Amino acid sequence: MNRDLGVWTSEECALVLIDYQKEQLESIRSETPTELVELHTRWLARTAKAFDVPIVLSTVGVEYGFNSPTQPSILAELPDVEPIDRTSMDSFEDQAFREAVEATGRKRLIIGGLQTEVCLAFAVVEALKAGYEVQFVTDATGSRTPAEHRTAIERMAHAGAVPNTSVGVVCELFRDWAGPLGPKGQEITNWYFTEVPKVTDKVGIAEAELARAKKSATADATSA
């Protein structure tokens, strides 16, 4: 169970990304479309790197020939992270995965994975059993049907994990625009504001937010 109330900090968390592979992404038919799941996962990866949050990345069935490697766009955000390939659908049944999570030294895990009711849910409930506190990111995951996705969310929440969204995670980890992580928070948020309109018009972005993000992107390009 999650024992301590209050917001989480970047210093106490690790990000765990599980099975963001072509086959799993292609089968998503739940509320968050595949392209947005992929973008949110990239945003989480950028956030973790910006705030020095340890990252564990895992795949299933690559060496076994069942599945493709990590989606290239996501892997490109994590050039220094070596994926841990497994045969087990429950990540915590894999010794290398368990050891990688333990090696982060963090007891609070932010977990994203595909699909919601299998590789994500299994990892979440096993992490709780192992004594970790867990948030799972509802819009960085998906499943074959809305019912499967919703049922998995209920299962994880009943088990004691905390549902969150990608924007909730990002804002929770820095929280103060004028704080020490504020400049990096602005940078990764501006990146998201410029990227999300390329994917969907269903995510609300204020005109001022988009203008600020585009201005920042132009300034970065000029100074590069």
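**Reading the sheet, helices and rings**

Colleague: Where should I start with the strands, and which residue in strand 3 is the bridge partner of Ser58?
Modeller: Ser58 has Ile84 as its bridge partner in strand 3. Keep in mind that this is a predicted model. Strand 2 and strand 3 run parallel and are joined by three bridges.

Colleague: What does strand 2 pair with on the strand 1 side, and over how many bridges?
Modeller: Strand 1 and strand 2 pair in the parallel sense, with four bridges between them. Val16 stands opposite Val56 of strand 2.

Colleague: In what order do the strands of the whole sheet come?
Modeller: The order is 3-2-1-4-5-6, in an open sheet of six strands with parallel pairing. Strand 3 (84-86) and strand 6 (162-164) are the edge strands, each pairing on one side only. On average, neighbouring strands are turned by 25° against each other, direction ignored. At the strand 6 end, strand 5 (residues 133-137) pairs with strand 6 in the parallel sense over three bridges, and Phe136 stands opposite Pro163.

Colleague: How do I read the two faces of a strand, and which residues of strand 2 lie on each side?
Modeller: In a regular strand the side chains alternate between the two faces of the sheet. In strand 2, Ile55, Leu57 and Thr59 are on one side and Val56, Ser58 and Val60 on the other, and all are buried. Because six of its six residues are buried, strand 2 is largely enclosed by the rest of the structure.

Colleague: Which strands do helix 4 and helix 5 lie across?
Modeller: Helix 4 (residues 95-103) lies across strand 1 (13-18), strand 2 (55-60), strand 3 and strand 4 (108-113), and runs at about 165° to strand 2. Helix 5 (residues 116-129) lies across strand 1, strand 3, strand 4 and strand 5, at about 170° to strand 4.

Colleague: At what angle do helix 5 and helix 6 pack?
Modeller: Their angle is about 0°, and the axes are 10 Å apart. Angles under 35 degrees count as roughly parallel, so helix 5 and helix 6 are roughly parallel to each other. Among the contact residues are Leu120, Val124 and Leu128 of helix 5, and Ala152, Ile153 and Met156 of helix 6.

Colleague: How is an aromatic pair read, and how many does a search of the whole structure find?
Modeller: A pair of aromatic rings is described by the distance of the centres and the angle of the planes. The search finds seven pairs here. One of them, Trp43 with Tyr192, is stacked, at 3.8 Å centre to centre and 5° between the planes. Trp43 is in helix 2 (residues 34-50) and Tyr192 in helix 8 (residues 182-195), so this pair ties together parts 149 residues apart in sequence. Both Trp43 and Tyr192 are buried.

Colleague: What are the distance and plane angle for Phe51 and Phe174?
Modeller: This pair is tilted, with 5.9 Å between centres and 55° between planes. Phe51 sits in the loop between helix 2 and strand 2, and Phe174 in helix 7 (residues 166-174), so parts 123 residues apart in sequence are tied together. Phe51 counts as buried at 4% relative accessibility, and Phe174 counts as buried at 8%.

Colleague: Which residue joins Trp43 and Tyr192 in a cluster, and which ring does the charged end of Lys107 sit over?
Modeller: Phe193 is linked with Trp43 and Tyr192 by ring pairs. The charged end of Lys107 sits over the ring of Tyr132, 4.1 Å from its centre.

Definitions and conventions:
Residues are numbered from 1 along each chain as its sequence is written. This is a predicted model: local features need pLDDT of at least 70, side-chain atom pairs count only at pLDDT 80 or more; totals for chains, interfaces and linings use all residues. Side-chain values use heavy atoms; hydrogens and water are left out. Two strands pair if DSSP finds at least two bridges between them. Axes are lines fitted to C-alpha atoms, for helices over the stretch in contact, and angles run from 0 to 180 degrees between N-to-C directions. Contact means heavy atoms within 4.5 Å. Rings of Phe, Tyr and Trp (its six-membered ring) pair if their centres lie within 6.5 Å; planes under 30 degrees apart count as stacked, over 60 as edge-to-face and the rest as tilted. Buried means under 20% relative accessible area, exposed over 50%, partly exposed in between (1.4 Å probe, protein chains only). A charge sits over a ring if NZ of Lys or CZ of Arg is within 6 Å of the ring centre and within 35 degrees of the ring normal. Angles under 35 degrees count as roughly parallel, over 145 as roughly antiparallel, 65 to 115 as roughly perpendicular and the rest as oblique.
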